[in-house]
Amino acid sequence: MRTKQTSKSNLKVLTTRNLKVIKPCSASFATAPILVAINHRNQSQKLARALASIETQSLFHEQRLQVVILDDHSNKINIKRLVKIADKPYITLIRASCGSAAQARNTILDWADTQHNVRWVARLDADDQFATCSSLVEVISLGERQGKSVVLAGNQISRNDSIDPSINYPKQNWINDPASFVEFIDRFCHGQEQHELPSCNLVLANRVGVRYPNLKSAEDHWLVAMLLLQQPEQVALATNSVYCTYNINGNTTQQNKTDTCWFETRHKLAYVVKKLFEIQKLGLLLLGFGMEGIVYEHHNITIKEFHPWGIEPDDVIRLQPLTRNPLLPLAQGNFIQQGKIWLFRSVRVRYTQVSHTIPYQKIVKFLRSCYLGNIAPTNIKRDNLMYHPSGDLHYIDIGKDLKSLTSSYFIDLSARLYAIGILGYSDHELARRESAFPQDKTLDQIIGFREFYAQLITHLHLANVEPEYIEPILKKHKSTSLLIKACAQDASGFYEQICHIVTQLEFPKRFAKKLLLIDLFDGPFLRQYAEPNLKSVLEQASELVKAGIIDQVISAPNSVETIKNTYKTWFNNAEVTNTHTSNNAPLYNQIWAFEQIETRYVLQCDCDVLIGRKDWQHDYVADMLTELQKPYVQSVGFNIPKATSVFLPYFGEPGQFAPEVRFGMLDLVKFKQALPIVNPVLNGHFQLTWHRAMQQHEKRTYQLRSIRGGNPNSFYVHPNNSDKPLLNSGIIRDLIAQGKIPEQQQEAFDLVPNAQWHYESRSEEVVFLLKGRNTTYPKLMRCIDSLNSQEDQDFGVVVIDDGSSFNHSWLYPMLFSKLGNKTTLIRHAAHQGRMPNFMQAIYEVCDNPNSMIVVLDQDDFLMSQHVVKTLKQALKQGHDVVQMPMFRPNKPLKQYQPDYQNSRQKHGANIWAHLRAFTRACFMKIPESQFKQANGQWFDCVTDYAIMLPLCEVAENPVYIDIGYAYWHERDEYSTEYKLHQKVLLEELLNRETLSSNNNMPERELIES
């Protein structure tokens, strides 16, 4: 269904009548059993005449009569007059927002039900008057004598203040001869009778439950006609009494006569009356009727016969599958067509009528079934609700009012059902009426509804709102420690790099202990690439310990005695005291550290290695330990990037490979058993590093060996010092960490700097953009799960983590692996800001101009399984900006329908709201300057406005699609300072010139289903 957006001034909202007693009558009249009911709207000048006629009534002089005047939002001038005119002891003045004459009449009847002393309610229009001083007593006496609950009398007609001599009396044969009544109705409805049905002359016994149909015109004729046709035994006809002087030139009457509805409602009345009479003649059991059709029973089959205007073939096509689905809380049956008339036939079910209220759990179950079944029964009232034999609440009014689900319809039906079922409101209390207040404010006036609705929606999405996420409890490799080696020139980015190493390595099991070895040597260094800053390295190391990334920081003491003792143990030489080799390579520091390790095995690495994991379940430590169990293996090298994913058998002859100094696991027991080993001395320095000396020892003894190979799902890349500046952006490290290796890097130990190091581009038809920082794992999981729940799985995802801590974001590749290969993950080592991230995703990663890019914050989730499907349909229809409804748990009653016309002049007009989607081509029309403040800086907040305001201005076909809630959005409350900052930037945005004027563009379409 498509409808045009209307301006806010014309929008009606669901609201209570908000009935208030402005002035009660005095105590002496409050017990009067006769109530004269007057509806008033801007008729104060004529009201005095009506009141004067009341004061002539004999019942008035006996104080057996009181008056209630209901004002339905008159203007200020008329209100002022009304208050003055109504300042009489016998008058109760009430005010309510009714919206139509029918609803105003029903409001008075509802109010009268609460007045225990009132026995009769006599209608009098504000511009009419009682004909004689005995008008009231005559009709009420007749009703009481005959024991009837409805009395209908005659009237004389005033045309432009001139009394017509012809009196319009009711005819007794309308009851005695129903056929003649049907003929009369047909003639009068088609303008062939001098007089209309005298429907204004109606007196009702209080609390009989009679109410006017909610029609714009002829509602009184419909009511009286149905009473005479269906309940004639309850009607007394005062065939010789003149009840009132009826002004047929009232404002509403005159206005309606110029409207086609004045004629249509009368023609429809004639048709329905004739149909009802035919059903009565056939002896069929009439179950009910309305403006859409008549329901009756025939041979144990319940039939709803639609009026010719009651339903369209498209409605039947839409409704038929619903009425064959036993899981839906609906009457079940089939549509058939007889000529031009549609029938809905269902086997009779022993339904039972609902009472004044409905149990809470039955309401919740009904609403849940509607929500999950994508239906919205909108004509919620007690007559349309029944209890199924199963005990479930069912909606039995099958017809056009059974809509496809939208968020607007769902909150509407929820509010109506809550109001009548829980609060016991009248069926007429809630209706769509013009209001000075927005929808959420009017709904908030319904006691308890905010909490009810928030809980209802939350429970419908409980698996997403409170996803089950269990933090992995990792076991330890108790026999293995991690040793990371660093020196003074590693200061730049040291903290982040150590975090990278530890978080990449500590899964699926942890180490017994994580040690950070810092060489206190301050240079000069072999192949030095940076200015040494030992102070910074030590400070960052301290922070790593505080954060729990590292367990202990160690450094070799500069004690000559310790140096000699260490060298004695390793090389059987206590004379050398230099800590570095003859080539200035570190030696003492590392072999001293091995002696501090308390476990048999140590995984030792340089602090600059880049570690990749293709399979996070790969227990690489277990693989290496298995090899080290072999008596002839003393070290295992960590794998390098391979061109294959196949397990490579470990290999290596004694002395073929040195123990991998950059990254490898050592069996310290076997090492110690081999000591001391030979290491030549030159000019007071040992010539070989420890790993080269051990390689020579392996060659000589031919007993132990160092091997390579294994599962390539875990690997490392070593950057040469000259290439380390390329790592500053964090891109290469992030890609390697995810196991994303360009072809040129395969089979290479050292970083290949000129390889194609870039994030995978996305060109899918729909691409979700997930941005966030330190988003909790449960919220990430619910976001991911909502993507996995999409019925159409052909979409792409760009995830940008904006500088979360490494000990948080390390898990992202594992989490997002649930989405398969459709994800591009970007993890910034440092915070970049919202707009730069946005630009990176759209300019650099998304490369298809026709892609629909969908903003999905990492802490939010999709509430519908049909989002991708709907967006693709919108793309095919040529829409370049799409928005769909969001739900905010802290503002559950608020709806965010955008208005694309002159949004800047309407304070943004909800164009900021989620769900937001747009084509890349549309975004690329916007100059980059639009996303920057006047000072040239990126907007650092209100970025949703900064993006959507220009987008909606350059868009050729923006659309809001409501197929139910699509997006769950929650955020923490902003600080006062942040809100002030937002206000300043938003004002700057709203005051900018539009990129293109929409003033002359056609109204945007609102797609509701």
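**Reading the terms in a predicted model**

Q: Which residue of β45 does F861 stand opposite?
A: In this predicted model, F861 stands opposite W968 of β45.

Q: Why are β40 and β42 called edge strands?
A: The open sheet has three strands in the order β40-β45-β42, and its pairing is mixed. β40 (861-862) and β42 (886-887) each pair on one side only, which is what the term edge refers to here.

Q: How do you know whether α13 has the length expected for a helix?
A: The expected span is 1.5 Å times one less than the number of residues. α13 covers residues 360-372, which makes 13 residues, and 18 Å is expected. From first C-alpha to last, α13 reaches 18 Å, close to that expectation.

Q: Which residues of α13 are called buried, and on what grounds?
A: I363, V364, F366, L367, C370 and Y371 are buried; the term applies to residues under 20% relative accessible area.

Q: Why can the buried residues of α13 be said to line one face?
A: Viewed down the helix axis, the buried residues of α13 lie within an arc of 165°, so they line one face of the helix. Residues three or four places apart in an α-helix point the same way, because there are 3.6 residues a turn.

Q: What lies on the other side of α13, and what covers its buried residues?
A: Q361 and L372 are exposed on the other side, the term meaning over 50% relative accessible area. The cover over the buried residues includes strands β19 (375-377), β20 (385-387) and β21 (393-395), along with helices α14 (407-421) and α16 (449-460).

Q: Which residue just after α13 takes a positive phi?
A: N374 does, with a phi of about 60°.

Q: Why is the chain called more spread out than a compact globule?
A: The chain holds 33 helices and 46 strands. Its radius of gyration is 42 Å, whereas the globule rule gives 30 Å for 1009 residues; the value is well over the rule, so the chain is more spread out than a compact globule. Its C-alpha trace spans about 140 × 65 × 50 Å along the principal axes.

Q: What share of the chain is buried, and what share of its contacts joins residues at least 24 apart?
A: Buried residues account for 57% of the 1009. Of contacts between residues at least 6 apart in sequence, 81% join residues at least 24 apart.

How values were computed. Residues numbered from 1 in each chain as written. Predicted model: local features only at pLDDT ≥ 70, side-chain atom pairs only at ≥ 80, totals over all residues. Heavy atoms only, no water. Helix = DSSP H or I, 4+ residues; strand = E, 2+ residues; numbered from the N terminus. Buried < 20%, exposed > 50% of the residue type's maximum accessible area, 1.4 Å probe, protein only. Arc of directions from axis to C-beta. Contact = heavy atoms within 4.5 Å. Rg over C-alpha atoms; globule rule 2.2 N^0.38 Å. Pairing = 2+ DSSP bridges.
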